[in-house]
Amino acid sequence: MIDNKYNPSEIEEKWYKEWENNKIFSPSNEGNAYCIMIPPPNVTGTLHMGHAFQVTLMDVLCRYHRMLGDNTLWQAGTDHAGIATQMVVERKLTAQGISRTDLGREKFIDQVWDWKSQSGDIITKQLRRMGASLDWESERFTLDEGLSVAVNKVFIDLYEEGLIYKGKRLVNWDPVLQTALSDLEVISSEENGKIWEIKYYLDDESGNFLEIATTRPETILGDTAVAVNPDDDRFIKYIGKNVVVPVTGKIVPVISDDYVDMEFGTGCLKITPGHDFNDYELAKKHNLEIINIFDTSARVKCDTKEYNNLDRFAARKKILLELENSDQLLKISDHKMIIPRGDRSHSIIEPLMTDQWYVKIKPLAEEAIKCVKEKEIKFVPENWEKTYFEWMNNIQDWCISRQLWWGHRIPAWYDEEKNIYVGKNEKSVREKYDIKDDVLLTQDEDVLDTWFSSSLWPFSTLGWPNETERVKTFYPTSVLITGFDIIFFWVARMIMMGKKFVGEVPFKEIYVHGLVKDSSGNKMSKSKGNIIDPIDLIDGIGLEELINKRASDLMQPEMAEKIKKNTKKDYPGGIGAYGTDALRFTFASLASNGRDINFDLKRVEGYRNFCNKLWNAARFVKMQGQISIDQADTNNFQDEDIWIRNKLAILIEDTKNNYKNYRFDYAARSLYSFIWQDYCSWYIEIKKSKLNKKNITSLEKNLIIHNLREILKNILLLLHPIMPFITEEIYSDLFNEKEFLQDNKYPDSSKFSTSSDAENVNWMIEVVSAIRKTRSEIGVQPNKKIEIIVTGENDKDKLFFKNLSSLIMTLANIKNIRFGEDDQSNKFYSCVSNNLKLLIPSSDLIDVKSEIERLTKEKSKYTNQTIGIESRLSNSNFIKNAPGHIVVADEQKLKELKIQISKIEEQIKNFSN
RNA sequence: AGGCGCGUAGCUCAGUUGGUUAGAGCGCUACCUUGACAUGGUAGAGGUCGUUGGUUCGAUCCCAAUCGCGCCUACCA
């Protein structure tokens, strides 16, 4: 006997091990290819709600496609996350008092690999807890040898084609991490700043000056011009003259450019080309000198002793003081401005002139735009195309070098004259360029942006550049499941690289899912303290531990109290252990086409209850015992069998369509209502009533059990992709201990649909519902058996009653059904179902007044509907313009309503007499 | 500034080419511990679909305007 409560923790880990040991997640090598690439998570990261959500959807699709008989590959793997990982390891070393540079490159990288091997499988373990059916056999890591070969080849090929170049340019420099960043790794947000207005004297001893406005006075040290708008009457006379830069005393020209906004600030702008992207563009245009005033840590680097080596913020203070002393500081005002920060270090980005490697992106982007325009790749939902085009049309060259140690080292060598040689390795470079052994070659110190290797993920994981079977079979992959936040970082770049190097798009569809937020719509973040760990929803967590998890290691420790308070309020009893299946079903049911997903714990609880419902339905079926049945009898169906089989056929088709359209929410909902309403509330109840009949034959009994089991088995098959654990457990317990659910084919609707429509079962459901409703309205306790009298029945009703009255009696808790005329006495309550009038006798004196009220209320409900339909039907334009079937349906409905109203009126009349 | 999106029941969300009485879960109310399940059963209350116009026989859906909110992109010193 199975437990009467569903307990997920007992079954989940057991089944995952079984599946993995039996290698059932590897491609079958039979059938149509179906392939999804996991967006490789950061190897040193942990699973968050976004991952859990995404993984659920991918897993549903993969499990579903395996059951369809497809040759399914869900590619597993992680990425090396250059900056993030290096940061973590450096921080650990710092805690031990060791610096990266003390250790040296090789030893440091050894440390990172050590760290990777001890922390790297945290996330893969968590993926297993989610039930993810990834093909672990072919797990890849972006720094694997094979993937590195791909990275090198792509770099070399692009270089030789002129699509990768090295250039000295202004880049986004992270002074803390000491590396360049791409545009996408810079997060700009509004912060409070100031504008300082400063006197710049002309160098003609006239005492005249220009007032310039700046938000960064420290960059005065790098000024090489002052700019005004050519149409600005105030300054026209100064154009072409020179001014003296404060502090440095440098003489610089006043130039004119219509880039300068006359309305903003003082209308007069200082130009620091070495540390501002706009100024840099102006400098190129006007041939201005470009001075670099900062070192890589953003400390001042200049000849003036008192400023040299000063941090940029200290330099600002000092300069402002000096300006004040010389009476050149005119005005200070508060100003909201956009501050760029590194997405990892959160330090303020300093534009810095450095040598970096770039990908010339326009030619690649053009191809990538084309294949989306021509629908080689389809976005779901479609409007994400717009975001994609928007970015692709304004794309800038991609800075791919990073001044890190952890990553793919750039395959470029330099001789002593700094000539560049690009090739696989030093040996091949020497051969290729015919360089003698006595010429010293040194490799570029830098590594590539992690996203460079990620952009090759869809084919490098399959063995490319080798022409492997896997590439041939699984590329292009079927669909990419991803969040919109990495459309630019990753999706667009994969398309460019895939098109360029394999010649085909990397995936045919891109399903873009929403962001998982908390139940009130806030982004989940450590600093807000509203993070939920998916594993805690599976295993449960106590309040103390949850608070501990949320309020420790905060960037702003002062938030701890508030987080503690809110957590106590939101989860007074901690979080219950809902199990993976309930969590997965929740994610599926939330996966609609909307943009954000507000995650409400209550939903998980509801679906945990759903698991319990299924569990108990299975328990009931199991309790009916084993059966042996003659094959010849298995197609012997009762009315309710036909009824439920028709519904099952519809469910199967709906589910397939919903998966095809990525409407996981619809799929989840229709499964839920079929299982709970149709199967549990009606079908099992009907069968139960039949099983309880005294004179049941063993053949009848066996047939009932057989049919109950058959529907249940199909429920398990249909539900398996979303809830793999509970379905597997029930299947093994009730049906087959030897094989897995996945070994079965997904159900075929044609096996269940019939031409007969089971009208009588629907009729019965209406009658039972009507009686239940009235019972409840007149306050009859659910456990009290009552008698009903049927009047107004036609031939069809008679026939249905003949076959179904015993069912009605059980389901509506009736002790006796009498057929007869309404004797017009007041001792009856009545209800109407279809064209029937059902009377419920009362032994007590009926409160005539309240009964008339009840009936009148019911009548007015119907009357209101009648009025609506009648007004439509009396409108000649409606008759003329509306499609025929709408008009016919209205007419039919009106007829039915009128019958029902007349029955109620009759009863009201009886009471009134 | 530009782009995208959202506003439907107390809460979290559906609503598929415009068409009967706008749905689900949770919560709420009443009654029920009947042997699959109280993580349950039966029934119920609750919505002028942000606002205002327009198109239409008919609008939650299409169009325009407006209010509120969110996200992304962007060089205003």
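Me: How many of the 6 residues of strand E28 are buried?
Reply: In this predicted model, 5 of the 6 residues of strand E28 (residues 836–841) are buried, so the strand is largely enclosed by the rest of the structure.

Me: And in what sense do E25 and E28 pair?
Reply: Strand E25, spanning residues 786–791, pairs with E28 in the antiparallel sense, over 3 bridges.

Me: Which residue of E28 does Ile789 stand opposite?
Reply: Ile789 stands opposite Leu839 in E28.

Me: Moving to helix H1, how many residues does it have, and what does it reach end to end?
Reply: Helix H1 covers residues 8–21, which is 14 residues. From its first C-alpha to its last it reaches 20 Å, close to the 20 Å expected at 1.5 Å a residue.

Me: Which residues of H1 are buried?
Reply: The buried residues in H1 are Pro8, Ile11, Glu12, Trp15, Tyr16 and Trp19. Seen down the axis of H1, these buried residues fall within an arc of 125°, so they line one face of the helix.

Me: What covers the buried residues of H1?
Reply: The covering elements include helix H2 (49–67), helix H5 (105–129) and strand E3 (135–141). Helices H16 (534–539), H19 (580–590) and H24 (724–734) are also among them.

Me: Which exposed residues does the face turned away carry?
Reply: The face of H1 turned away from its buried side carries Ser9, Glu10, Lys17 and Asn21, which are exposed.

Me: What is the phi of Lys23, which follows H1?
Reply: The phi of Lys23 is positive, near 50°.

Me: Now the largest nonpolar core: which residues touch the most other members?
Reply: The largest nonpolar core has 197 residues, and Phe452, Phe599, Tyr679 and Met764 touch the most other members. Helix H22 (residues 664–691) supplies the largest share of this core, 13 residues.

Me: What does Phe452 touch?
Reply: Leaving aside residues up to four places away in sequence, Phe452 touches Val151, Val154, Phe155, Ile164, Val359, Trp398, Ile400 and Met497.

Me: Last topic: how many disulfides does a search of the whole structure find?
Reply: The search finds 0 disulfides.

Notes:
Residues numbered from 1 in each chain as written. Chains lettered and ligands numbered in written order. Predicted model: local features only at pLDDT ≥ 70, side-chain atom pairs only at ≥ 80, totals over all residues. Heavy atoms only, no water. Helix = DSSP H or I, 4+ residues; strand = E, 2+ residues; numbered from the N terminus. Expected span 1.5 Å × (residues − 1). Buried < 20%, exposed > 50% of the residue type's maximum accessible area, 1.4 Å probe, protein only. Arc of directions from axis to C-beta. Contact = heavy atoms within 4.5 Å. Pairing = 2+ DSSP bridges. Core = buried A, V, L, I, M, F, W, Y, C linked by side-chain atoms within 4.5 Å. Disulfide = S-S within 2.5 Å.
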